[in-house]
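Please keep the model in view while reading.

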Amino acid sequence: MVSSLPSLPSVPGTDPSSCILDAFRTAIAKRVSDALPPLTLEQAYTGVDYGKKGVDFTVALPRFRLPGKPDELAKKILTDFQPDDFVSTITHDKQFLHFQLNTASLIREVLNQIHTLTYDSPTGKPSYGTNTSGAGKKLVIEYSSPNIAKSFHVGHLRSTIIGAFLDNLYKSCGWEVVSLNYLGDWGTQFGMITTGYEKYGSQEELEKDAIKHLYDVYVKVSKDAETDPNVKVEAAKWFKRMEDGDESALANWRVWREMSVKKYIEEYERLNVSFNVYTGESEVGKEWQDRALERLETMGLISDANGAKLVDLEKWKLGKAVLRKADGTSIYLTRDIGGAIERWEKYHFDKMIYVVASQQDLHLSQFFKMLSLMEFPWADRLEHVNYGLVLGMSTRKGTAVFLDQIVREASSVMHDQMKRNEEKYNNIEDPEMVAREVGITGIKIQDMAAKRINNYTFNWDRMLSFEGDTGPYLQYAHVRLTSMERKNPELIPLPPPSQIDTSFLASSQHARDIAILLGSYPDVVKTALKTHEPSGVVTFAFRLAHAISSAWETLVVKGEENKEKARARLWLYICARDVLGASMRLLSIRPLERM
């Protein structure tokens, strides 16, 4: 549906057809620039910020650095002010001007835009909140990256959750995204496992759960190695044979890798995560690793320490980095360099992101620095998105953590909680699926609620609570909104937007609060793209859920005698459901319809 607002000049970087608040901001900027020459429309637009509580937008006059006192500048803008379709009032407060938008226009335009971009989008997919800022650009993103034969622990979980969010985020901003799961599938631990498998391996256990069985073997053989030095000697020999391409040494490893990947794909599907490519350290060609070493050698950056190759990065305060061990086998820094070069050759990306814990900050800095010293013109396209630690995450009994144990436990606790309300429980078609989704939502929201660089302490009780800002609370808010159509069948289907009278909503502060939040969602997405922070989207989802929760008592639909009024309110709730659902999907959460 086309906007019925008066036309305005266009400001570069804005798009009212995907974010209607851009039009309201432009109208404010036009008032300011018209009253304060030589200020241009673009300059004025940069000064229009969201206001504090109770104020829609605020302009801080000193930021324009114009001659004259703020009071005089404010007076010029306020003289001859007449309310219009965009702005209803302007308030002067010291150095600030506060703008309240026209409530009737705001509600009508926001709901129209959400409806149009959700149900009549040009792409055929719901697209409210998306933009085309990355059209024609390609992102390669590496995340999750568990080690085969070691537990998929909580560090990988954080990388997976944040990586999946960034994957969705870039796609929603028009980028072509290639997601890579770069498995730890190479290195001396495979020599250890091969040594251990001869003693502790079981084909039956391997087929049951390859990841768990190989982990058990690794734990047992590592214990042996503590008392018997020969174990490590034997393991190093096995790995050297693998590096040299000895088929008999590689045969078992190939089977283990394939079985592990199969198991991982199942685990990720439960988490609502998928990858374009499963790759790994084993797939990085030796050719580029050798050429990288040669290039650093000719640049005089390599030194020799007892046969091992080092790169001296002291002058950049990055210490010394080992590139090759004394026995000639590669280490993961060499493989990372070779891998990055191969990815450039293959994908010619505009940006490549590594989602890796902040404990690896030095490693990533060394790796990026070496590529830049090697004068690759694309070295500055690499970015490290880091994150803090999860503290205290284990099952409730405190046992070692595999991701599937955590997910199973979260599902089981949720399942028990759901059974407490027998009537509701009996109405759910697939209670186990619902319990699992609510449990996973709890895990993800607890992870993404604070800034990603912060460490956080995993808390079972808080994660699975329906009270406060938790995953289950968000799912509950979405389910409640979804139930509105089921509970009011006499109002369904709603007439087309042009026949819904939104003026019934204009007198409600609750409706206004919800509308301005809904209108801000495209900005939330754009900000997240700049900051790579899922927490901003989580905060938005909670603010929206709270605003809706506050409105239930006054903006009633069921029992409202005036059908036109009831329809307008129902439409507001449906639009809120669509935007809350979009924000949850961006966070890789599957919004539920019943629970």
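**Cavity, pocket and helix packing**

Three residues of the lining of the largest cavity come from α10, the largest share that any contributor supplies. The model is a predicted one, and a search of the whole of it finds one cavity of 30 Å³ or more. The space in the largest cavity amounts to about 70 Å³. Its lining consists of Phe152, Asp209, Ile211, Lys263, Tyr264, Glu267, Phe402, Leu403 and Asp404. Two helices, α10 (247-270) and α14 (403-419), each supply at least two residues of this lining. By class, the lining of the largest cavity holds five nonpolar and four charged residues, and no polar ones.

Rolling a probe the size of a water molecule over the atoms shows where empty space is left. The elements that give two or more residues to the lining are α4 (103-119), α5 (154-172), α19 (509-531) and α21 (563-586). In the lining of the largest pocket, 18 residues are polar, 16 are nonpolar and nine are charged.

Helix α21, which contributes to the lining of the largest pocket, also packs against α18 (residues 471-487). What angle do α18 and α21 make where they pack? The angle is about 145°, and the axes of the two helices are 9 Å apart. The crossing of α18 and α21 is left-handed. On the side of α18, the contact is made by Leu474, Gln475, Ala477, His478, Leu481, Thr482, Met484 and Glu485. The partners on α21 are Leu570, Tyr573, Ile574, Ala576, Arg577, Leu580, Gly581 and Met584. Sorted by class, the residues of the contact between α18 and α21 comprise ten nonpolar, four polar and two charged.

An unreviewed UniProt entry lists residues 474-595 under "domain: DALR anticodon binding". In the model, the span of residues 474-595 is 64% helix and 0% strand.

Definitions and conventions: Residues are numbered from 1 along each chain as its sequence is written. This is a predicted model: local features need pLDDT of at least 70, side-chain atom pairs count only at pLDDT 80 or more; totals for chains, interfaces and linings use all residues. Side-chain values use heavy atoms; hydrogens and water are left out. UniProt positions are given in the numbering used here, feature names are shortened, and annotations may be inferred rather than shown by experiment. Helices (H or I, at least four residues) and strands (E, at least two) are DSSP runs, numbered from the N terminus. Ala, Val, Leu, Ile, Met, Phe, Trp, Tyr, Cys and Pro count as nonpolar, Asp, Glu, Lys and Arg as charged, and the others, Gly among them, as polar. Axes are lines fitted to C-alpha atoms, for helices over the stretch in contact, and angles run from 0 to 180 degrees between N-to-C directions. A crossing is left-handed if the near helix is turned anticlockwise from the far one by less than a right angle, and right-handed if clockwise. Contact means heavy atoms within 4.5 Å. On a 1 Å grid over the protein atoms alone, a cavity is a set of points where a 1.4 Å probe fits but cannot get out, and a pocket is an open set with protein on both sides within 12 Å along at least five of seven lines; lining residues have an atom within 4 Å of a point. Grid points are joined across faces, edges and corners, and a volume is the space filled by probe spheres set on the points.
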